[in-house]
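Hi,

Here is the structure I promised to pass on. Please open it first, then read my notes below.

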Amino acid sequence: MARLPLVAGNWKMYKTVGDALALAHALAREALPDGVEVALCPPFTALAEVSRALEGSRIRLGAQDMYWEAQGAFTGEISPLMLSDVGCTYVIVGHSERRQHFGETDAAVAKKVGSAFGHGLVPIMCVGERLEERDAGRTDQVVAAQMEAGVAGVGDGQAARLVVAYEPVWAIGTGRSASGEEANRVCGLIRSVLSERFGPAGDQVRILYGGSVTGDNAAEFARQREIDGALVGGASLDPQKFLRIIHSAVRSPRG
Ligand code: PGA
C-alpha cells in the first residue's frame, strides 16, 4: 500500500454549526484532485451535520479528540463509539494544545491511539517540540520519546494505518513555519522510530507536517521525501486557502 498524501483541516474551537456547514458545503462542491485525501475535523457540535454535508463527496470526517473508553460515567467526554457513529474516519490525538492546556500526557495519548484503532478509527497522532526544547537542542530526543510512548499500544497489524503529525509547537498559529528541510529531517527521525518498532509497516505510515501551513508554503512541504501531507489549522477555516493547500499536496503515492 502506497502512502497517499492526506490534508486534514483542524478547525479547533471555531465555527458554529451553521458556519461549519457553509464551509463543508463550499469544499464538498469542489472537484478535488486525485492523488490527495482530504479530511475535515470540525468541533464536536458540528460533526453530525458536517457528516451529512459530506455524504457523496470524497472528503472524510475527523474529530479533534476523544476519550479512550467506549462509554461510561465520564461527564463531558466523547467516546470513539460516538465518533464512529457520526461517520468519523479520523481522530486527532495528542494535539499540542491538548497537551499544553488540558494536561494530556503521553500515557493518555497512547491509550487514545490504541482505543481509536480498537474502534475502527484512524488516529492522527501529534508530536512536536516546544521552543525551549528546540533551543536547548532537545528536539530529536523529545519527538522520539513522544513517538515511542504514543505507539506503545499499537499492534503490528495496525501500524500501517497510523497517521502521525509532526507539529513543532512554536510553529502552530504563529505564522512561523519550520523550513521544509528541517521538517523533513524530523519526519525522517519519526519514520526511523516507526521502522525500528514496526519493521516494514513503518514505511506505510503517513507523516504530516503541521504548523502555519499556508497556500504559499504548502508546496515546499509537499516536495519533501518524508512528508505525506499537512495538518492545517488557521488556513483550513477559509475554503480558498484550504483548497490551495490541497492542490499543492497532490503527488503520486510513495512508500
Ligand atoms: P496552524 O495550526 O495551521 O494554525 O498553525 C496547526 C494545528 O494546530 O494543527
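Helix H5 (residues 106-118) packs with helix H7 (residues 139-150) at an angle of about 45°, and their axes are 8 Å apart. Helices here are DSSP runs of H or I with at least four residues, numbered from the N terminus. Axes are lines fitted to C-alpha atoms over the stretch in contact, and angles run from 0 to 180 degrees between N-to-C directions. H5 and H7 are therefore oblique to each other; that term covers what is left once under 35 degrees (roughly parallel), over 145 (roughly antiparallel) and 65 to 115 (roughly perpendicular) are taken out. H5 brings Asp106, Val109, Ala110 and Val113 to the contact, and H7 brings Ala145, Gln146, Ala149 and Gly150. Contact means heavy atoms within 4.5 Å.

This is a predicted model: local features need pLDDT of at least 70, side-chain atom pairs count only at pLDDT 80 or more, and totals for chains, interfaces and linings use all residues. Residues are numbered from 1 along each chain as its sequence is written, and side-chain values use heavy atoms, leaving out hydrogens and water.

Now the ligand. A polar side-chain atom of Glu167 lies 2.7 Å from a ligand oxygen atom. Gly233 has a backbone N or O atom 2.8 Å from an oxygen atom of the ligand. For Gly234, a polar backbone atom is 2.8 Å from a ligand oxygen atom.

Last, Arg251. Arg251 lies in the segment after helix H10 (239-248). The side chain of Arg251 reaches the backbone oxygen of Arg3 at 3.3 Å. The backbone oxygen of Ile227 also lies 3.3 Å from a polar side-chain atom of Arg251.

Best wishes

How values were computed
Helix = DSSP H or I, 4+ residues; strand = E, 2+ residues; numbered from the N terminus. Polar contact = N/O pair within 3.5 Å; in protein donor to acceptor, adjacent residues only side chain to side chain.
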